[in-house]
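Welcome, and please take a look at the model below. The notes that follow walk through it element by element and then step back to the whole.

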Amino acid sequence: MSEYTAKYFCEVEEIIDCIEDKPIDEMIRILSETKRNGGRLFILGVGGSAANASHAVNDFRKVCGIESYTPTDNIAELTARTNDDGWWTVFSEWLKVSKLSRKDTVLVFSVSGGSEKVSANIISALKFAKRKHAHIIGIVGRDGGYTAKVADACVIIPTVNPKHVTPHTESFQAVIWHLIVEALR
């Protein structure tokens, strides 16, 4: 094994040792309640996190039987909203049309967790979700950003190497959502 590969895997082990299980357990509880109450799951993410959101929608729908959606799966609406109204509104306006309610849950996948400078669209969506009294959960990196401040449960992927924040966060989004799906199966 090369030195680089060994170091990367050591970082992964360090992250595993540092992830808190309490927020994961709370996310499982919230999603179980969402399903029991006939609520829906809306998953938000940008970039690699958007790809994760698409995959997670499949798992939550197929394996768990939770009605789930992500706005990034509808590229026509996403780009039309970006063009007509601005990028920062795409998720909140999509949630408005979806008639987000208190029975629903919004799950954020994000490296930054949302800041005014990065992922303002996530912040706008979460402010709307709070007004609608929907549950908010997240799997995010760095310090968790806005998501960590407003979420009912949020897993922050620890930064063990600043150069690898994005790949580690996006990788562990998949690890954790798969854990949750299996728990809800």
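## Helix α5 and its neighbours

The buried residues of α5 pack against β1 (41-44), β2 (68-69), α4 (75-85), β3 and α6 (120-131); contact here means heavy atoms within 4.5 Å. Helices (H or I, at least four residues) and strands (E, at least two) are DSSP runs, numbered from the N terminus. Which residues of α5 are buried? In this helix, residues 90-97, they are Val90, Phe91, Ser92, Trp94 and Leu95. Buried means under 20% relative accessible area, exposed over 50%, and partly exposed in between, with a 1.4 Å probe and protein chains only. After α5 comes Lys99, with a positive phi near 55°.

## How to read the model

This is a predicted model: local features need pLDDT of at least 70, side-chain atom pairs count only at pLDDT 80 or more, and totals for chains, interfaces and linings use all residues. Residues are numbered from 1 along each chain as its sequence is written, and side-chain values use heavy atoms, leaving out hydrogens and water.

## Helix α8

Helix α8 covers residues 165-184, and its end C-alpha atoms are 28 Å apart. That agrees with the 28 Å its 20 residues should span at 1.5 Å a residue, the expected span being 1.5 Å times one less than the number of residues.

The buried residues of α8 include Phe172, Ile176, Trp177, Ile180 and Leu184. An α-helix has 3.6 residues a turn, so residues three or four places apart point the same way. The partners against which the buried residues of α8 pack are α1 (3-18), α2 (22-36), α3 (48-62), β3 (105-110), β4 (135-140) and β5 (153-156).

## A residue of α1

Asp17 lies in helix α1. Is Asp17 buried or exposed? Its relative accessibility is 66%, so Asp17 counts as exposed. Between Asp17 and Thr34 there are 29 Å in space, C-alpha to C-alpha, for 17 residues in sequence.

## The whole protein

The protein has eight helices and five strands, in the order α-α-β-α-β-α-α-β-α-β-α-β-α. Its radius of gyration is 16 Å, close to the 16 Å of the globule rule for 185 residues, so the protein is as compact as a globular protein of that length. This radius is taken over C-alpha atoms, and the rule is 2.2 Å times the number of residues to the power 0.38.

Buried residues make up 50% of the 185 residues. Among contacts between residues at least 6 apart in sequence, 70% join residues at least 24 apart.
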